[in-house]
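Dear colleague,

Here is the structure I promised to pass on. My notes on it follow below.

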Amino acid sequence: TGPTGATGAGLTGIEAFDPVISPTYQVGQVVTFNGSTYVVNTAPPTGTPDTSPDYTLLAAAGSTGSTGDTGPTGATGATGDTGPTGPTGVTGDTGPTGATGATGDTGPTGATGVTGATGPTGTGGFTDTALYAANSSGPTIVTVAGGTNIPLPNFQNITGFTANGTNTVFTVLQTGKYYITYQVNTTTALLINTRLLLNGATTISGSVQSPVISTSFINNTVIVNLTAGNTISLQFFGAVVTAILVGGGGAAGATLTIIRLS
């Protein structure tokens, strides 16, 4: 029995079902869908032809036939010829090596540092030439600019030296290299210089202390070569001041130590 025809309309040419334009289909429009053929019976139709009552089946899709045998594989074609290798390009020229830069000037050699003071003689025997003298009485000394000797009458331990009657000049009895150190301690800060005087006239090099501000403590150390008969004095100089040395209770306001090293 054939399919039911669309009511009151003839069939319109066949076209594949398109859901985008299906709302424009008119009654009698023939469409194909999944191999079957349908005709629109209600316009505009909704849904898809295989489920919507707005479509009437005209011809159902036939069953799929069996798959035919696979044909034999064709012969492999011949490999194409390899093309010739192109010629090697010419090697580029090597550029010339640049000239070596000039060597920089060698800097000047730095100045040689000052030679440090020679240390005391090492082991190998004790010296028997040494002097220690101090002033612990706390005297008042009025200085003169040209130089004022500091008396050192206290705690004397003297071997190889002699002291004058005022204990301000000490004579060396043996030629040699000597280590000399001194200190001066006043009750108030003063702007005054100190030094060691050789033979009552010559300042021993390196022995001068010249404070830039007032101070109550001055000390210094030197190593010098002395000849038998030389004299050593400890002095204030360079200003007129009234200096009161520290004293009392065993404290020393000034000391002088001399030791023969060799």
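Phe170 is found in strand 10 (strands are DSSP runs of E, at least two residues; helices are runs of H or I, at least four; both are numbered from the N terminus). This is a predicted model: local features need pLDDT of at least 70, side-chain atom pairs count only at pLDDT 80 or more, and totals for chains, interfaces and linings use all residues. Residues are numbered from 1 along each chain as its sequence is written, and side-chain values use heavy atoms, with hydrogens and water left out.

Back to Phe170. Its relative accessible area is 1%, so Phe170 is buried (buried means under 20% relative accessible area, exposed over 50%, partly exposed in between, with a 1.4 Å probe and protein chains only). Beyond four places in sequence, Phe170 is in contact with Leu131, Ala133, Leu152, Gln156, Ile158, Thr162, Ala163, Asn230, Thr231, Ile232 and Leu256 (contact means heavy atoms within 4.5 Å). Asn199 is 29 residues from Phe170 in sequence, and the two C-alpha atoms are 9.5 Å apart.

Now the chain as a whole. The secondary structure comes to 0 helices and 17 strands. Of the 262 residues, 29% are buried. Take the contacts between residues at least 6 apart in sequence: 61% of them join residues at least 24 apart.

Confidence next. Mean pLDDT is 87 for the protein chain, and 88% of its residues reach 70 or more (pLDDT is the predictor's confidence in each residue, from 0 to 100). Where pLDDT is low, the predicted coordinates should not be read in detail.

On to the cores. The largest nonpolar core has 28 residues (a nonpolar core is a set of buried Ala, Val, Leu, Ile, Met, Phe, Trp, Tyr and Cys residues joined through side-chain atoms within 4.5 Å). Ile150, Ile180, Leu196 and Leu256 have the most contacts inside this core. Two or more residues each come from strand 5 (130–135), strand 10, strand 11, strand 14, strand 15 (231–237) and strand 17 (254–260). Strand 11 gives the most, with 5 residues. Apart from this core lies another, of 7 residues, including Val31, Phe33, Tyr38 and Tyr55.

Two residues deserve a line each here. Ile150 is in contact with Ile141, Asn167, Thr168, Val184, Leu234, Gln235, Phe236, Leu245 and Ala254, neighbours within four places left aside. Thr255 is found in strand 17 and counts as buried because its relative accessibility is 10%.

The largest cavity has a volume of about 30 Å³, where volume is the space filled by probe spheres set on grid points joined across faces, edges and corners. Val184, Thr186, Ile192, Thr215, Ser216, Phe217 and Ile218 line the largest cavity. Strand 11 (176–190) and strand 14 (215–226) each supply at least two lining residues; strand 14 gives the most, with 4.

Last, the backbone. Most residues other than glycine have a negative phi, and most peptide bonds are trans. Ala43 and Pro44 are joined by a cis peptide bond, with omega about -10°. Pro44 lies in the loop between strand 3 (36–40) and strand 4 (55–59). Asn34 is not a glycine, yet has a positive phi of about 55°. The loop between strand 2 (29–33) and strand 3 holds Asn34, which is exposed at 61% relative accessible area. Phe155 also is not a glycine, and its phi is positive, near 55°. Phe155 is found in strand 8 (residues 154–159) and is partly exposed, at 43% relative accessibility.

Ser136 touches Phe155, and also Asn154, Gly247, Gly248, Ala251 and Ala252, not counting residues up to four places away in sequence. Ser136 is found in the loop between strand 5 and strand 6 (140–142), and is buried at 14% relative accessible area.

Best wishes

How values were computed. 1 Å grid on protein atoms, 1.4 Å probe; cavity = no way out; pocket = protein on both sides within 12 Å on 5 of 7 lines; lining within 4 Å.
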